[in-house]
Amino acid sequence: MDLEPATATVKAAPATPERQATPERRGDTRQQIMAAAIALISDQGFSATSVEEIAAAAGVAKGSVYYNFGSKEELFTTILTEGVTRLSTALRAASAGLEGQRALEALITELLTQVHEHPDFAKLITAEIFRTGRHWQESVRLVRDDSMGAFADVVHRSRPDLDAKLVGAAVFGATLVAGLEWLVFSPERTFAELRAAVLVTTGGMLAA
């Protein structure tokens with residue numbers, strides 16, 4: 001009886017999620033992880049939030065967090081850097097072509113808009129960005145200074161007699177905290193009421 005040669009069936013090893021992922025899917029995964037981390041860290045703080053919690057909230061494996069970011073510290077650095085860069089770009093665009101009080105009002109309005117559109121990130125930077133001794137402190141300092149620098153530049157051009165950096169930081173900080181106060185404790189107020197309240201504190205500061 002003739003025997004047909006046995007045909008070996010070789011099964012390819014299953015591809016890992018990373019190998020299966022297209023660049024678009026990897027980008028989606030990164031955004032999912034970052035969104036989950038922002039929500040958790042803004043509520044619990046960096047130290048109290050674990051990689052396991054972030055992965056579970058993002059709906060991915062724990063290994064995906066390390067694959068995409070290397071560590072929790074690098075994930076947080078990326079969140080801060082990208083978020084503050086986005087904020088800085090928006091602020092610069094809002095005040096482009098304006099000077100004096102009009103420029104300052106445009107910056108305040110845009111910062112409040114960013115707080116409204118990205119509330120978890122606003123809470124996160126308020127709680128974490130001014131801490132010292134963090135792994136990400138130096139990498140974030142430059143982009144943080146750029147956001148506050150948008151305010152400082154406007155102050156310097158109109159009132160060179162003032163300490164522009166300090167005044168810019170004060171207006172930036174007051175606006176950010178007022179936005180968070182509105183989100184957390186006074187959500188019944190309208191955006192227009194919030195904006196008007198903040199502008200009262202700087203009214204006439206840079207008037208020609």
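Helix α3 is followed by Gly-59, whose phi is positive, near 75 degrees. The model is predicted. Helix α3 itself spans residues 51–58. Its buried residues are Val-51, Ile-54, Ala-55 and Ala-58. These four cover an arc of only 95 degrees around the axis, so they sit on the same side of α3. Ala-56 and Ala-57 are exposed on the other side of the helix.

The UniProt record, an unreviewed entry, places the feature "DNA-binding region" at residues 50–69. In the model this span is 80% helix and 0% strand.

The protein as a whole has ten helices and zero strands. From the N terminus on, its elements run α-α-α-α-α-α-α-α-α-α. Of its 208 residues, 41% count as buried. Contacts were also sorted by separation along the chain. Among those between residues at least 6 apart in sequence, 71% join residues at least 24 apart.

Helices α5 and α6 form one of the helix pairs examined here. Helix α5 covers residues 72–95, and helix α6 covers residues 100–117. Their axes come within 8 Å and cross at roughly 145 degrees. The crossing is right-handed. On the α5 side, the contact is made by Arg-86, Leu-87, Ala-90, Leu-91, Ala-94 and Ser-95. On the α6 side, Ala-103, Ala-106, Leu-107, Glu-110, Leu-111 and Gln-114 take part. By class, the contact has eight nonpolar, two polar and two charged residues.

Two of the α5 residues in that contact, Leu-87 and Leu-91, also touch Ser-147. Ser-147 is found in helix α8, residues 137–158. With a relative accessible area of 1%, Ser-147 is under the 20% cut-off and therefore buried. Neighbours within four places in sequence were left aside. Beyond them, Ser-147 is in contact with Val-84, Leu-87, Ser-88, Leu-91 and Phe-172.

Helix α7, residues 119–128, has its own buried set. The set consists of Phe-121, Ala-122, Leu-124, Ile-125 and Glu-128. These residues cover an arc of only 165 degrees around the axis, which puts them on the same side of α7.

Among the buried residues of α7, Ala-122 and Ile-125 are contacts of Leu-176. Leu-176 lies in helix α9. It counts as buried because its relative accessibility is 4%. Leaving aside neighbours within four places in sequence, Leu-176 is in contact with Leu-111, Val-115, Ala-122, Ile-125 and Thr-126. Leu-111 is one of the α6 residues in the contact with α5. Leu-176 and Ile-108 are 68 residues apart along the chain, yet their C-alpha atoms are separated by 8.9 Å.

Helix α9, residues 164–185, also holds Gly-168. At 0% relative accessibility, Gly-168 counts as buried. Not counting residues up to four places away in sequence, Gly-168 touches Phe-151 and Ala-152. Gly-168 and Val-154 are 14 residues apart in sequence. In space, they are 8.2 Å apart, C-alpha to C-alpha.

Technical notes. Residues numbered from 1 in each chain as written. Predicted model: local features only at pLDDT ≥ 70, side-chain atom pairs only at ≥ 80, totals over all residues. Heavy atoms only, no water. Axes fitted to C-alpha atoms, helices over the stretch in contact; angles between N-to-C directions. Left-handed = near helix turned anticlockwise from the far one by under 90°. Contact = heavy atoms within 4.5 Å. Nonpolar A, V, L, I, M, F, W, Y, C, P; charged D, E, K, R; others polar. Buried < 20%, exposed > 50% of the residue type's maximum accessible area, 1.4 Å probe, protein only. UniProt positions renumbered as here; feature names shortened; annotations may be inferred. Arc of directions from axis to C-beta.
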